[in-house]
Amino acid sequence: MLLSFSSHFLREHFKTTSAERDMVAFGKKLKERQIQEWGGYYINYKLLKKKVKQYAHEIEIGSLDRRRVVKDFSRMLDIQIEMIVLFLLEQQGLLASRVAKLGKQQDSLREQPDISEIVSDDPGEAYREVGRDVLKLLFFVEMNAIGIRKILKKFDKRFGYRFTDYYVRTRANHPYSQLQQVFKHVGLGAVVGAISRNLADLQDRRGSSLSIYDEPALPLQDSVIVSIKAAVDRLAHSTNFLDFLARHRWGVSRE
């Protein structure tokens, strides 16, 4: 079950991270900033970095050639990304189920106005709680996206080889791409849309005549939605490098 974020947790985990500026410190920052109950689903940056060092040694002594290194490291990264994406999809499903359940509850209250008048719980707060858990998941994706980008850059720097070009080009455009999920996160967008629409609908019943569909340029002034939009912007920044490569089919040497 997804847990709610406290205000303190949000402030601490969604502030700009120095890991973006310091590759050496990223492994430590990832461990410090990861959501503890999801610790087993983050990219194993420490292991991947260790493998890059091991490959360099094996190439130096002649026990491995570069082609084999590329194949082995690609497979390791595929497995890591698949783990991340499957967990992401599972959590998206849980969030979607919670939003659907809240929608059914609201429909029941609309059909029984006498009951809705005596219900003390704020239905908007229930949607905001789901929104806070969306923030958790966005942060999870962001940290993993940064980790993927950094390990790709580390590999390129260590071997002087455009592995990043090869890996992103071959994975991002494949029909079964797991990498696409990392920088598209369509499912989360659908959940955020459902939360936004329902919060707007609750406002509408309090006297507003505006709809998020009638006035798409008018932002929903809700603190959770504002925070989600900021998190999405940060995630876009973390993945724009991968997205850029996915859109450009650069030639890769076939050593």
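These legends go with a set of close-up views of a predicted model. Residues are numbered from 1 along each chain as its sequence is written, and side-chain values use heavy atoms, leaving out hydrogens and water. Because the model is predicted, local features need pLDDT of at least 70 and side-chain atom pairs count only at pLDDT 80 or more, while totals for chains, interfaces and linings use all residues.

View 1. Helices (H or I, at least four residues) and strands (E, at least two) are DSSP runs, numbered from the N terminus. Of the 255 residues in the chain, 43% are buried, meaning under 20% relative accessible area, with exposed being over 50% and partly exposed in between (1.4 Å probe, protein chains only). Take the contacts (heavy atoms within 4.5 Å) between residues at least 6 apart in sequence: 79% of them join residues at least 24 apart. The accessible surface comes to about 14,300 Å², and carbon and sulfur atoms own 52% of that; the areas come from the Shrake-Rupley method with a 1.4 Å probe, and for residues only the protein chains shown count as cover.

**View 2. Helix α2 (residues 26–33) packs against helix α6 (residues 123–159).** Their axes come within 11 Å and cross at roughly 165 degrees, which makes α2 roughly antiparallel to α6. Axes here are lines fitted to C-alpha atoms, for helices over the stretch in contact, and angles run from 0 to 180 degrees between N-to-C directions. Angles under 35 degrees count as roughly parallel, over 145 as roughly antiparallel, 65 to 115 as roughly perpendicular and the rest as oblique. From α2, look for Phe 26, Lys 29, Leu 30 and Arg 33; they meet Phe 139, Met 143, Ile 146, Gly 147 and Lys 150 in α6. By class, that's five nonpolar, one polar and three charged residues. Ala, Val, Leu, Ile, Met, Phe, Trp, Tyr, Cys and Pro count as nonpolar, Asp, Glu, Lys and Arg as charged, and the others, Gly among them, as polar.

**View 3. Helix α3 (residues 45–61) also packs with α6.** The angle is about 10 degrees, with the axes 10 Å apart, so α3 is roughly parallel to α6. On the α3 side, the contact includes Tyr 45, Leu 48, Val 52, Tyr 55 and Ile 59, and on the α6 side Gly 147, Lys 150, Ile 151, Phe 155 and Phe 159 are among the partners.

View 4. Leu 47, Leu 48 and Lys 51 are among the α3 residues involved, and α4 brings residues including Val 69, Phe 73, Met 76 and Leu 77. The tally is nine nonpolar, one polar and three charged.

**View 5. Ser 74 sits in helix α4 (residues 66–111).** Ser 74 is buried, with a relative accessible area of 2%. Not counting residues up to four places away in sequence, Ser 74 touches Phe 163, Tyr 166, Tyr 167 and Arg 171.

**View 6. Helix α7 (residues 163–172) is largely enclosed by the rest of the structure.** Eight of its ten residues are buried, including Phe 163, Asp 165, Tyr 167, Arg 169 and Arg 171.

**View 7. Arg 234 belongs to helix α10 (residues 223–246).** Arg 234 is partly exposed, with a relative accessible area of 24%. Its C-alpha atom is separated by 9.3 Å from that of Leu 138, 96 residues apart along the chain.
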